[in-house]
Amino acid sequence: MAGSSSRSPSPERGPGAAAPSAEQALLRAGLALSERPAALRELAALLEAAEPRWLLGSAGSAALARLAAALGGLAAPPRRERDGAEPPGRDAALAAAAERAERVGAAFLLLLRKLEDARGQRSPGAAAAGPVPQRVLGHAFIFAVTHKDERPWTTARSRAVAQELLERLVRAADCGSVDEFLRGKEEDEEGRFGVVMGLLKQELTKDTWKCNPASKDVFSWTLLRVSRPWLCPHLEQVLPPALLLSDDFQEENKVLGVRCLHHIVLNVPGADLCQFNRAQVVFHALYNHLYSREAPLIQAVLLCLLDLLPVLERCQRRQGQGRATSPWDQVLQLVLTHMEAEHRLALRRVYAGSLPAFVTRLGIHIVRHLKRLERVILGYLEVSDGPGEEARLGILETLQCTIEHAWPRMPCRLPVLLKALLRLLWDVHTERGPTPEPIRAALMHRATQCLILLDRCCQGRVKVLLAGVHSSCEEQRLRECLRKVQEST
């Protein structure tokens with residue numbers, strides 16, 4: 001019948017009463033949800049009885065979006081105070097939120113199924129149903145990401161419903177993956193990432209982001225799935241929340257924020273980062289974290305800086321600033337200062353692991369830092385940092401890079417460096433600690449390579465100095481290392 005696409009049976013309508021429009025029914029349902037959560041059952045009954053084309057044909061996208069927003073709000077985790085403090089009765093509130101999330105997820109699934117069915121139905125003389133409204137998909141996506149992982153406000157059943165909903169969303173958008181759902185199938189196609197970020201905007205301000213404990217996780221999880229070139233148009237939406245997270249006092253949030261900033265740096269063109277001094281703002285935020293004493297944060301910051309500093313250097317070059325103000329020098333000077341006095345093994349490993357990249361990037365200009373760098377190298381070679389020897393291996397790689405790039409300055413440092421390398425070879429060979437044999441072999445190999453490089457830039461002086469040592473050494477393994485140095489050309 002012609003009227004079947006515009007009317008739908010309602011469980012509350014009496015005989016002879018006029019059928020409300022889908023828009024009116026959905027607006028009433030959304031309002032009822034905000035006032036009394038028990039109305040969720042009535043909504044489920046309404047959706048179950050509704051004809052699919054009645055929903056998508058006569059209901060405006062705004063009414064559907066309001067209903068989706070009401071559903072998402074009903075299943076949101078318990079709100080916190082502005083400072084992140086938990087309210088009283090937390091356990092009961094979390095259990096209630098998980099129970100509501102199961103029913104809200106089922107309602108989202110039912111709504112999506114009806115909207116998909118409406119797109120597949122064609123009535124004679126009726127226009128084809130349009131796509132599922134983007135804001136409906138956005139609210140459903142935020143709900144699914146909020147509840148799909150193990151969190152205090154989820155249960156196994158709510159996680160299963162959320163995961164099913166996420167998969168249904170991808171199918172409803174005719175996409176092959178979540179990444180494609182967010183960014184779009186083609187480069188010029190607009191995905192749902194902008195819609196999701198727009199819906200999250202009010203939850204990611206300075207005064208609100210700690211009130212909803214899921215907001216930061218939804219933001220970061222979504223951001224990390226959108227890469228170049230799709231991320232650049234949304235830079236204004238994603239950079240402020242990432243900076244906000246990185247500026248928090250809790251280390252967990254700082255690390256999360258820095259990882260988000262790193263993803264932005266990697267996936268946004270340098271020219272866009274340089275506009276409006278964005279790169280400089282990110283640099284200052286990261287530089288301040290270098291004063292932290294937490295190894296996970298320092299590692300995240302150094303990795304991000306290694307990708308940001310080339311962008312910032314190009315910005316300064318365009319602005320006519322000279323090499324004397326290089327941010328590489330600024331960062332390395334602070335890192336070496338901290339390394340020299342650092343005694344925590346976790347931090348020593350992080351610093352030593354990132355140092356070779358800085359030396360390689362500075363090239364011959366590493367001579368500006370050579371005095372302090374030499375002290376750091378000597379100090380780190382003397383102390384074992386555990387069975388993995390990450391710090392010593394990183395420092396040996398740093399020394400190798402330094403010799404390669406600053407070889408004209410090596411002859412005057414030969415006595416000190418030669419003594420330190422020979423002592424390292426002896427210590428590694430004679431120590432009977434828990435260090436595995438492959439690690440010992442790697443240490444001795446890298447130390448031998450440093451000796452060979454030193455010999456080359458010192459016109460064979462290392463061979464002359466080691467001649468007597470090689471002839472008098474009785475340890476076969478050490479003799480093998482010294483033989484490689486003597487036979488190198």
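**Aromatic contacts in a predicted model**

Reply: Starting point in this predicted model: the charged end of Arg225 sits over the ring of Trp221, at 3.9 Å from its centre.

Me: Which rings form a cluster with Trp221?
Reply: Phe141 and Phe181. Ring pairs link these two and Trp221.

Me: OK, how many aromatic pairs does the count come to?
Reply: Six aromatic pairs.

Me: Take Phe141 and Phe181. Why is that pair stacked?
Reply: Their planes are at 25°, and under 30 degrees counts as stacked. The ring centres are 5.6 Å apart.

Me: Where do Phe141 and Phe181 lie?
Reply: Phe141 is in helix H6, residues 134-147. Phe181 is in helix H8, residues 178-183. So the pair ties together parts that are 40 residues apart in sequence.

Me: Is Phe141 buried or exposed?
Reply: Buried, at 0% relative accessibility. Phe181 counts as buried too, at 1%.

Me: Switching to Trp328 and Phe358. What are the distance and plane angle there?
Reply: The centres are 5.7 Å apart, with 75° between the planes. That aromatic pair is edge-to-face.

Me: Which helices are they in?
Reply: Trp328 is in helix H16, residues 327-341. Phe358 is in helix H17, residues 345-362. This pair therefore ties together parts that are 30 residues apart in sequence.

Me: Are Trp328 and Phe358 buried or exposed?
Reply: Both Trp328 and Phe358 are buried.

Me: Back to charges over rings. What lies over the face of Tyr380?
Reply: Arg348, at 3.9 Å from the ring centre.

How values were computed: Residues numbered from 1 in each chain as written. Predicted model: local features only at pLDDT ≥ 70, side-chain atom pairs only at ≥ 80, totals over all residues. Heavy atoms only, no water. Phe/Tyr/Trp six-rings, centres within 6.5 Å; stacked < 30°, edge-to-face > 60°. Helix = DSSP H or I, 4+ residues; strand = E, 2+ residues; numbered from the N terminus. Buried < 20%, exposed > 50% of the residue type's maximum accessible area, 1.4 Å probe, protein only. Lys NZ or Arg CZ within 6 Å of the ring centre and 35° of its normal.
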